[in-house]
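Biologist: Could you take me through this fold feature by feature, giving the general idea before the particular case?

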Amino acid sequence: MHDETVAIHGGYTADATRAVAVPIYQTVAHDFIDHEHAGRVFDLETPGFHYNRINNPTCDVLEQRLALLESGVAGLATSSGMSAVTMAVLNLLEAGDNLVAAPQLYGATYTYFSHVLPRLGLEVRFPRDDSAGSLAALIDARTKAVFCETVGNPACNVIDLAAVVAAAHDRGVPVIVDNTVPTPLLWKPIEDGADVVIHSLTKFIGGHGTTTGGMIIDAGRFQWDAQPERFRNLIEPEPAFHDVRYTQEFAHAPYLTRCRTVGMRNTGANLSPFNAFLHLQGLESLAVRLPRHEANARAVASHLITHPAVAWVSFLAFEDNPYYELAQRYLGDRVPSIITFGVRGGRDAAIATFDGVKLFKRLVNMGDAKSLIAHPASTTHRQLRPAELEHVGITHDMVRLSIGLEHPDDLIEDLDQALAAAARQG
Ligand SMILES: Cc1ncc(COP(=O)(O)O)c(C=O)c1O
């Protein structure tokens, strides 16, 4: 079936009530038939639900639906995008190991990798740029994964994913990729060889700025067994869960099964059934929302590029964008509705523009039906030092826009008045 259809029907078969909308199973646990049934469910030998920190029927539909859209074999819903990032990397890394990551990342992910994981004895290696060669050069025997974003937030860099996957696989290492910005409707990273895909559902998939959520999807293809030493936590008996050998007993999705039974079971970062329901509502209309987001963004970006108070505009649909060719290759003619631009006059002018908008909402989300404005250097990336800001591609004059579903003329009028007010202050 096509994406539009999967986004509405995937993973759901009505129960005896024949409810058309996916029911919200607001329950902590599920009644076992008897002790034998309980044992089989606990050992994951029989399909079933036991305790909602580990699995839930409403979340299950969302997990199946997104796994289908991403061409993966299994999904795990999490409470937010950051819990998905955390669980995805901790599922592989042990003290003394390292992760190789592209430098242009969402601010909290970058901070977590550069300042939190190292204190746990987990090294994160960032090359100077996001090319396959630079990433591959940092891989060694203790590297457990390469991590990148398909389209980076907020720099909107596009990763050459097929090249990164080829280089990582050549060295025996899987690729974990955050596909939040394009969503599977614009890019399916597993089809380019990615091994694990993660999402912040909080953005375009939820789509209305109401609900945090995350997802981890397993492509189910990586040959963990080929390297028994590097991936022993997926191969050897797991003491934290019934001595299960994931690659043998859950060969279709060993990585994801460990995420659920060790990562989720211990962190408790599960998505609530109600929030899963809200993300299912968002997913149903994603295919009709994205083209409108994009058309509005094209109109706003085309206006900004001619504006005298604007120093530069970075938008993936523009041919002068350094990532234009990669965007064409991986996204086709589609682009995410994220625009960054520089305000003439630098940091003060950018902040005055941010302060001056009346219709745009000043906040640090994206993918909402409402248009949003952010000043990354003073918000999402506030704690980064000057060298780190440069490394991740953030400048002080940079304003980021997430273009929503309003009429584009109203958005343009609002930006014009804010830029004019900023120029008057300067
Ligand atoms: C690319 C990307 N990944 C992960 C996250 C974290 O998601 P959440 O805010 O749902 O924790 C974000 C949030 O902005 C993001 O943009």
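Modeller: What follows goes from the domains to the strands and then to single residues. Please keep in mind throughout that this is a predicted model.

Biologist: Into which domains is the chain divided, and how far apart do the centres of domain 1 and domain 2 lie?

Modeller: The division gives domain 1, residues 3-274, and domain 2, residues 305-425, and the C-alpha centres of these two domains lie 30 Å apart. The contact between them draws 25 residues from domain 1 and 25 residues from domain 2. On the domain 1 side, helix α5 (residues 107-116) gives the most, with three residues, and by class that side has 14 nonpolar, nine polar and two charged residues.

Biologist: How should I read strand pairing, and which strands does β2 join by bridges?

Modeller: In general, the strands of a sheet pair through backbone hydrogen bonds, in either the parallel or the antiparallel sense. Here β2 (residues 98-101) runs parallel to β3 (residues 123-125), to which three bridges join it, and the bridge partner of Leu99 in β3 is Val124. The chain passes from β2 through α5 to β3, a β-α-β crossover that is right-handed. Strand β2 also runs parallel to β4 (residues 143-149), with four bridges between them, and Ala101 has Phe147 as its bridge partner in β4.

Biologist: Which way do the residues of strand β2 point?

Modeller: Asn98 and Val100 point one way, whereas Leu99 and Ala101 point the other way, and all of them are buried.

Biologist: What is the order of the strands in the open sheet of five?

Modeller: The order is β8-β9-β12-β11-β10, and the pairing is mixed. The edge strands, each pairing on one side only, are β8 (310-314) and β10 (361-362). Helix α14 (residues 346-356) packs on this sheet, touching β9 (338-343), β10, β11 and β12, and its direction makes about 30° with that of β12. For an antiparallel case, take β11 (residues 372-374) and β12 (residues 398-402), which pair over three bridges; there Leu372 stands opposite Ser402 in β12.

Biologist: What should I look for in the backbone angles, and where is the peptide bond that is cis?

Modeller: Most residues other than glycine have a negative phi, and most peptide bonds are trans. The peptide bond from Asn153 to Pro154 is cis, with omega near 5°, and Pro154 is found in the loop between β4 and α7 (161-170). Cys156 is placed in the loop between β4 and α7 as well; although not a glycine, Cys156 has a positive phi of about 60°, and because there are 23 C-beta neighbours inside 10 Å, Cys156 counts as buried.

Biologist: What phi does Thr183 have, and is Thr183 buried or exposed?

Modeller: Thr183, which is not a glycine either, has a positive phi of about 65°, and its place is in helix α8 (residues 183-186). Thr183 counts as buried because 29 C-beta neighbours lie inside 10 Å.

Key
Residues are numbered from 1 along each chain as its sequence is written. This is a predicted model: local features need pLDDT of at least 70, side-chain atom pairs count only at pLDDT 80 or more; totals for chains, interfaces and linings use all residues. Two strands pair if DSSP finds at least two bridges between them. Helices (H or I, at least four residues) and strands (E, at least two) are DSSP runs, numbered from the N terminus. Two residues are in contact if their C-beta atoms, placed from the backbone, lie within 7 Å. Axes are lines fitted to C-alpha atoms, for helices over the stretch in contact, and angles run from 0 to 180 degrees between N-to-C directions. Domain bounds come from an automatic or database domain assignment. Ala, Val, Leu, Ile, Met, Phe, Trp, Tyr, Cys and Pro count as nonpolar, Asp, Glu, Lys and Arg as charged, and the others, Gly among them, as polar. A residue is buried if 20 or more other C-beta atoms lie within 10 Å of its own, exposed if 12 or fewer, and partly exposed in between; C-beta atoms are placed from the backbone. A crossover is right-handed if, with the strands pointing away from the viewer, the path from the first strand over the helix to the second runs clockwise.
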